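Work through the exercises below with the sequence and the model at hand. Try each task before reading its solution.

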Amino acid sequence: MPSQNVIIAGAGATGLTAALALAQAGCKVTVVGRHIAPPPTRTVALWGASVRMLENIGIWQEAGAFAEPLQAMRIIDATGSLFKLPPVEFRSAELGLPGFGFNITNADLVAVLLASVRADSRITLHEGLVREITLQSAAIEVECDDGTRHGAALLIGAEGSQSPSRRAAGIQQRQWQYPQVAVTAVLHHRCPHHHVSTEFHTRTGPCTLVPMLALPDVPYRSSLVWLMDPAEAARRVALPAGDFAIELENMTQSVLGAFTIEGQLGAFPMRGMLVERFGRNRTMLVGEAAHAFPPIGAQGLNLGLRDVAALVDIVSSALAGAQDCGSDAVMMNYHRARVSDVASRTLGVDVLNRSLLAPYLPVDFLRGAGLMALASIAPLRRAVMRAGLAPQALPQLMRSAAKASTVLTAPGAARNRQTFRH
Ligand SMILES: Cc1cc2nc3c(=O)[nH]c(=O)nc-3n(C[C@H](O)[C@H](O)[C@H](O)COP(=O)(O)OP(=O)(O)OC[C@H]3O[C@@H](n4cnc5c(N)ncnc54)[C@H](O)[C@@H]3O)c2cc1C
């Protein structure tokens, strides 16, 4: 199988995962990216297919030691709507699974990926930023900010929202804003979370508590993602930590008891973005270079990892057929592989988010009827759970591990290993 050079622009979670997966698929990989540690308050819930992919590329065995299992999700209506709804709970056991996935800080995940990339002799890591990209007839050339140049058959744009690869490839995007800011924090709390993630639906968006790995002296920790209007976010972020903790405890109806805040709060303005093409001009876009939406249902990075898994399938079959992996036909195959999964998740999150923001009775009625149906119709609930975790047709890297898939089901490395399949 002939090897073809690939450049990956961006050393975040999607870029580093793409580097490891493509090197294992037989490509010669150069990563151009400067490591900027993600904010300590940001965590990602990764569903089973993503965990399996990270396991298949050999990093979950280490990253899993920093992750906390998620076994159930609970939605509590806190909109104050006339249609008062009972809480809805989704349990992984209903699907015959020991867990839905795991919650891990972005910083821990990226640190483990980066260490694996550094240790992989098939990958060259150029710690700089992409300055200019030039398309040639049979190659693409990237110039870094120190003047170094790299050439390849294919460029993977993984530089997040301001992607220079996207601009250079002439790929247009649709962008929009939400009147919301996500306030994030790491919380210590009095009561156990029982591996349940709890999402309060409020009039300004969801407020979600996601279980996190315990520390030796802190038995109960969770991460917070609280969507609220920008003025309220500015006020709350400026509060003394103790006052913020009291407002949060009131908001979350003391389900986890009193909170203390670990470190600083984070604040992220909410926006949406979707590209019109996922691949063009020897450039494939992955992760937030291609799509962005509010953190509802933990879809963003899971979708980004599916981009990576899909492009690995497509590049592998191009290599197997001795095809140019930067050709227009390969770009179109990648676009077709990603467009419906990404567009449907973007729309789903948008509709759910806007249904909370719109204070209209008919909208409340529809949302309430949907939640009531989920609470009472088990087959519907199971179908929604499966759809929320991943689409049915998965790329190769997200299917069963070559060897029996073992992931951690309890905090801490090498404790309680158990088979985990979706
Ligand atoms: C509050 C919040 C909570 C979230 N929770 C979840 C969750 O629970 N589950 C989930 O699946 N998703 C979640 N997400 C989404 C998830 O965090 C993102 O989808 C993911 O981090 C995007 O990763 P990325 O690698 O595509 O981009 P990024 O993380 O933005 O990485 C891009 C990298 O490219 C680098 N770069 C930028 N410009 C250049 C350049 N010119 N040259 C080279 N490199 C460059 C940057 O420095 C960075 O290292 C959440 C998002 C938010 C805001």
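Two strands pair if DSSP finds at least two bridges between them. Helices (H or I, at least four residues) and strands (E, at least two) are DSSP runs, numbered from the N terminus. Residues are numbered from 1 along each chain as its sequence is written. This is a predicted model: local features need pLDDT of at least 70, side-chain atom pairs count only at pLDDT 80 or more, and totals for chains, interfaces and linings use all residues.

**Exercise 1. Find in which sense strand E1 and E2 pair, and over how many bridges.**

Solution. Start with the ranges: strand E1 covers residues 5-9, and strand E2 covers residues 28-32. The two pair in the parallel sense, over five bridges. E1, H1 and E2 make a right-handed β-α-β unit. Right-handed has a set meaning here: with the strands pointing away from the viewer, the path from the first strand over the helix to the second runs clockwise. Last, turn to strand E8 (residues 123-126), which pairs with E2 in the parallel sense over four bridges. There, Val31 has Leu125 in E8 as its bridge partner.

**Exercise 2. Decide whether Thr30 is buried or exposed.**

Solution. First, the cut-offs. A residue is buried if 20 or more other C-beta atoms lie within 10 Å of its own, exposed if 12 or fewer, and partly exposed in between; C-beta atoms are placed from the backbone. Then the count: Thr30 is buried because 21 other C-beta atoms lie within 10 Å. Now list contacts (C-beta atoms, placed from the backbone, within 7 Å). Leaving out residues up to four places away in sequence, Thr30 touches Ile7, Thr124, His126, His150 and Ala152. Finally, check a distance. Val6 lies 24 residues from Thr30 along the chain, yet their C-alpha atoms are separated by 6.4 Å.

**Exercise 3. Trace the hairpins of E9, E10 and E11.**

Solution. Take strand E9 (residues 130-135) and strand E10 (residues 140-144). They pair in the antiparallel sense over five bridges. Four residues sit between them in the hairpin. Leu135 stands opposite Ile140 in E10. Step on to strand E11 (residues 149-152), which runs antiparallel to E10 and is joined to E10 by four bridges. Glu143 has Arg149 in E11 as its bridge partner. This hairpin also has four residues between its strands, and Gly147 takes a positive phi near 90°.

**Exercise 4. Give the strand order of the open sheet of eight strands.**

Solution. Read across: E6-E5-E14-E15-E16-E13-E17-E20, with mixed pairing. The edge strands are E6 (88-91) and E20 (291-292), each pairing on one side only. Inside the sheet, eight bridges join E13 to E16 (residues 221-228), and these run antiparallel. Val186 has Ser223 in E16 as its bridge partner.

**Exercise 5. Describe the shell around the ligand by nearest residues, elements and class.**

Solution. Near means that the C-beta atom, placed from the backbone, lies within 6 Å. Of 34 residues around the ligand, Gly10, Gly12, Gly160, Gly287 and Gly300 come nearest. The elements giving two or more residues are helix H1 (13-24), strand E3 (43-47), strand E13 (173-189) and helix H8 (300-320). H8 gives the largest share, four residues. By class, the shell has 17 nonpolar, 14 polar and three charged residues. Ala, Val, Leu, Ile, Met, Phe, Trp, Tyr, Cys and Pro count as nonpolar, Asp, Glu, Lys and Arg as charged, and the others, Gly among them, as polar.

Notes:
Contact = placed C-beta atoms within 7 Å.
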